[in-house]
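Please find below my notes on the model you passed to me. They are set out as numbered points, to be read beside the coordinates.

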Amino acid sequence: MSGVESVDKALGQAVEDIGGYIRKQRELAQVSLRQLAKVAGISNPYLSQIERGLRKPSAEILAQIATGLRISAEALYIRAGLLEERQGSGVLDALATDPQLTERQKQVLHDIYESFRRENRAGPDAGTSTEPTPRSAPGTPTGATDGTAALAVAPDLTGVSHEQE
């Protein structure tokens, strides 16, 4: 078998694998082929051909299918051989995609998170003192251990009537 034939065979296997994976995910989600095709914005026959391994979907189509199945587009990209699986972190992924954070905030949180991970890899006692850390009573601010600190908490209004007389 030549190098070109082995690449073609591997590509064909990847197309079959992604199609079977999509079908399995669709069946697990209890979504019909027509429903998924509609949500993904593709035709029923095209989705059927993808599932049977006859067509290789583009990254854009995979993203649309992932949205319809409510699964990660990255998972489909990896299955299709478009991305290599990486040893990442869900926390870092969530930080990277959070629209509420600025790029600077994301970087700072990333750095802090990674420093915690490095510290934990160094050993369970790395960076910790032998003194026990006092625990705060529930509802008290951090550092207040005697319960005398002023609370900036709204009062419990359960059971209080707000009817106007």
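The points below go from the overall fold to the core, then to the charged pairs and the last helix.

1. Basis of the note. This is a predicted model, in which local features need pLDDT of at least 70 and side-chain atom pairs count only at pLDDT 80 or more, whereas totals for chains, interfaces and linings use all residues. Residues are numbered from 1 along each chain as its sequence is written, and side-chain values use heavy atoms, with hydrogens and water left out.

2. Confidence. The mean pLDDT of the protein is 73, and 62% of the residues score at least 70; pLDDT is the predictor's confidence in each residue, from 0 to 100. Over residues 129–165 the value is below 50, and this stretch has 16 contacts in the model beyond near neighbours in sequence, a contact being heavy atoms within 4.5 Å.

3. Overall fold. The protein has seven helices and zero strands, and its pattern along the sequence reads α-α-α-α-α-α-α. Helices (H or I, at least four residues) and strands (E, at least two) are taken as DSSP runs, numbered from the N terminus. Among contacts between residues at least 6 apart in sequence, 37% join residues at least 24 apart.

4. Surface and burial. The accessible surface comes to about 12,400 Å², of which 52% belongs to carbon and sulfur atoms; accessible areas come from the Shrake-Rupley method with a 1.4 Å probe, and for residues only the protein chains shown count as cover. Of the 165 residues, 22% count as buried, where buried means under 20% relative accessible area, exposed over 50%, and partly exposed in between (1.4 Å probe, protein chains only).

5. Nonpolar core. The largest nonpolar core has 18 residues, and those with the most contacts inside it are I22, I42, I65 and L76. Such a core is a set of buried Ala, Val, Leu, Ile, Met, Phe, Trp, Tyr and Cys residues joined through side-chain atoms within 4.5 Å. At least two residues of this core come from each of α1, α2 (33–40), α3, α4 (59–69) and α5 (73–80), and α4 gives the most, with five residues. Leaving aside neighbours within four places in sequence, I22 is in contact with L36, L47, I50, E51, L62, I65, L69 and L76. In soluble globular proteins, nonpolar side chains tend to be buried together.

6. How many salt bridges does a search of the whole structure find? It finds four, a salt bridge being a side-chain nitrogen of Lys or Arg within 4 Å of a carboxyl oxygen of Asp or Glu. One of them pairs R23 with E51, with the closest N and O atoms 3.4 Å apart. Because R23 lies in helix α1 (residues 3–28) and E51 in helix α3 (residues 44–51), the pair ties together parts that are 28 residues apart in sequence. R23 is partly exposed at 29% relative accessibility, whereas E51 is buried at 2%.

7. E103 forms a salt bridge with K106, the closest N and O atoms being 3.3 Å apart; the two are three residues apart in helix α7 (residues 103–122), so they are separated by about one helical turn. E103 is exposed, at 60% relative accessibility, while K106 is buried, at 12%. A salt bridge also joins R117 and E114, at 3.7 Å from N to O, and this pair, too, is three residues apart in helix α7 and separated by about one helical turn. R117 is partly exposed at 30%, and E114 counts as buried at 18%. Elsewhere, salt bridges that share partners join R23, R26 and E51 into one network.

8. The surroundings of α7. This helix has 20 residues and reaches 29 Å from its first C-alpha to its last, close to the 28 Å expected at 1.5 Å a residue, where the expected span is 1.5 Å times one less than the number of residues. Not counting residues up to four places away in sequence, K106 touches L95, A96, D98 and L101, and H110 touches L92 and L95. H110 is found in helix α7 and is partly exposed, with a relative accessible area of 30%. The C-alpha atoms of H110 and A96, 14 residues apart along the chain, are separated by 8.7 Å. Just after α7, G123 takes a positive phi of about 140°.
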